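These are notes for a colleague who is opening this structure for the first time. Please read the points below with the sequence and the model at hand.

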Amino acid sequence: MGSVEKLLAKVRIRDLPRRRVCTVSRSTSLGEVYRLLDEEHSVAVLVCDDNDLVGIFTERDILNRTALEGDSDTPIGDLMSPIKGSLSTDDRLADAIALMHEGGYRHVPLPGSKGEKPGLVGGRDILLLIAEHYPETLLNLPPRLDQRMTTPEGG
Amino acid sequence: MLCPNCDTDNIPGVDVCEACGTELAGMDLPEARSGFRGKLLTARMGDLPVSEPVLVSPDDTVREAIERMREAQVGCVLVATDGKLVGLFNERHVLTRVLRKGIDVASTRVSEVMSPKPFELSPEDPPAFAIHSMVAYGFRHLPLVSQGKIVGYISVRNILAFLHDGVIADTASVS
């Protein structure tokens, strides 16, 4: 098992577990997008023309643009953000982290190619992969490292 | 787990050596390692570029909380009474607890939609704790509280910045 440095340089985006992501068309209403994000436990919808990714609409867009003034009938094509940065499945985790950090993105779309569906990579996906590689460092922790039981049973 | 006093091989996780009674509690906790993996256990979150907390009162309206998040360009506000943390309200709550429920943002108080008593960490805790909480429990924002005082919060973005500065920027500067 190598270092975190080697892990980030070696593992490719395609090795990450694919997170569930909703794809919608430009004409999908804002209200329907709210429903999808809530019921599918998703953080963003990808807006596609056929299979081509044309935009993204995230929880942050809701906060900044529609939470106080949104009309649930508005088509999402009028509200979506253009794709600013994207990744391919051949990119390394280090590339994803650099893109997220430098661009201030928390989620970066994967446009998909060769018949693949578009996807999404989130910061939490990367943390999960690191945690799975180093369970003794990141997962097998007691609730508090400074916790000491005063009785043998801990009760 | 070998007793450092008498070399007896004890069952992993025991609190005292069965042969000599030496205190063994905590000795099988993960040890700091070299490189970035070591930093995950030895760095203090207080030394990371943590996010400045944006505080609201439980009696503020949901509209005011959303406006504060927009002004500060953050995804969460910490709800505090007399400087003490009582809740957390984030952008996911805006969707699931406000918009999806059709709640009136002008008349509903933050205290009605916040997550009360959020899980908190200390600025003395290592980043491994934050990653553990985010991965195991799905927390996105972890308030940092020191002796009852809110000092900031840590988000997935902060951890990515820590990874970037500690691993990727370092590697790039060498190569």
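1. Some terms come first. Axes are lines fitted to C-alpha atoms, for helices over the stretch in contact, and angles run from 0 to 180 degrees between N-to-C directions. Helices (H or I, at least four residues) and strands (E, at least two) are DSSP runs numbered from the N terminus. This is a predicted model, in which local features need pLDDT of at least 70 and side-chain atom pairs count only at pLDDT 80 or more, while totals for chains, interfaces and linings use all residues. Residues are numbered from 1 along each chain as its sequence is written, and chains are lettered from A and ligands numbered from 1 in the order in which they are written.

2. Overall form of chain B. Chain B holds 6 helices and 6 strands, and along the sequence they follow the pattern α-β-α-β-β-α-α-β-α-β-β-α. Its C-alpha atoms fill a box of roughly 70 × 45 × 30 Å along the principal axes. The radius of gyration of chain B is 21 Å, whereas a compact globule of 175 residues would have one near 16 Å. That radius is taken over C-alpha atoms, and the globule rule is 2.2 Å times the number of residues to the power 0.38.

3. Domains of chain B. The assignment gives domain 1 (1-29) and domain 2 (42-174); such bounds come from an automatic or database domain assignment. The centres of domain 1 and domain 2 of chain B, taken over C-alpha atoms, are 39 Å apart.

4. The sheet of chain A. Here 3 strands form an open sheet in the order S1-S2-S3, with mixed pairing; two strands pair if DSSP finds at least two bridges between them. At the edges are strand S1 (22-24) and strand S3 (52-58) of chain A, each of which pairs on one side only. Neighbouring strands of this sheet are turned by 35° against each other on average, direction ignored.

5. Pairing within that sheet. S1(A) runs parallel to strand S2 (residues 44-49) of chain A, with 3 bridges, and A:Thr23 has A:Leu46 in S2(A) as its bridge partner. S2(A) and S3(A) run antiparallel and are joined by 6 bridges; A:Val45 stands opposite A:Phe57 in S3(A). S2(A) and S3(A) form a hairpin with 2 residues between them, and A:Asp50 in the turn has a positive phi of about 55°.

6. Helix H2 of chain A. Helix H2 (residues 30-39) lies across S1, S2 and S3 of chain A and runs at about 130° to S2(A). H2(A) also packs on helix H3 (residues 91-99) of chain B, at an angle of about 110° and with the axes 10 Å apart. That makes H2(A) roughly perpendicular to H3(B), since angles of 65 to 115 degrees count as roughly perpendicular, under 35 as roughly parallel, over 145 as roughly antiparallel and the rest as oblique. A:Tyr34, A:Leu37 and A:Asp38 of H2(A) meet B:Leu95, B:Thr96 and B:Leu99 of H3(B); two residues are in contact if their C-beta atoms, placed from the backbone, lie within 7 Å. The residues of this contact of H2(A) with H3(B) divide into 4 nonpolar, 1 polar and 1 charged. Ala, Val, Leu, Ile, Met, Phe, Trp, Tyr, Cys and Pro count as nonpolar, Asp, Glu, Lys and Arg as charged, and the others, Gly among them, as polar.

7. Helix H5 (residues 123-133) of chain A packs against helix H5 (residues 127-137) of chain B at about 105°, with their axes 10 Å apart. H5(A) and H5(B) are therefore roughly perpendicular to each other. The contact is made by A:Arg124, A:Leu127, A:Leu128 and A:Ala131 of H5(A) with B:Ile131, B:Met134 and B:Val135 of H5(B). Of the residues in this contact of H5(A) with H5(B), 6 are nonpolar, none is polar and 1 is charged.

8. The interface as a whole. In total, 35 residues of chain A are in contact with 40 residues of chain B. On the chain A side, helix H1 (4-10), H2, helix H3 (59-66), helix H4 (93-103), H5 and helix H6 (135-138) each supply at least two residues. The residues of that side of chain A divide into 22 nonpolar, 5 polar and 8 charged.

9. Strands of chain B. An open sheet of 4 strands has the order S1-S2-S3-S4 and mixed pairing, with strand S1 (55-56) and strand S4 (115-116) of chain B at its edges. Strand S5 (residues 141-146) and strand S6 (residues 149-155) of chain B pair in the antiparallel sense over 6 bridges, and B:Val145 stands opposite B:Ile150 in S6(B). S5(B) and S6(B) form a hairpin with 2 residues between them, where B:Gln147 in the turn has a positive phi of about 50°.
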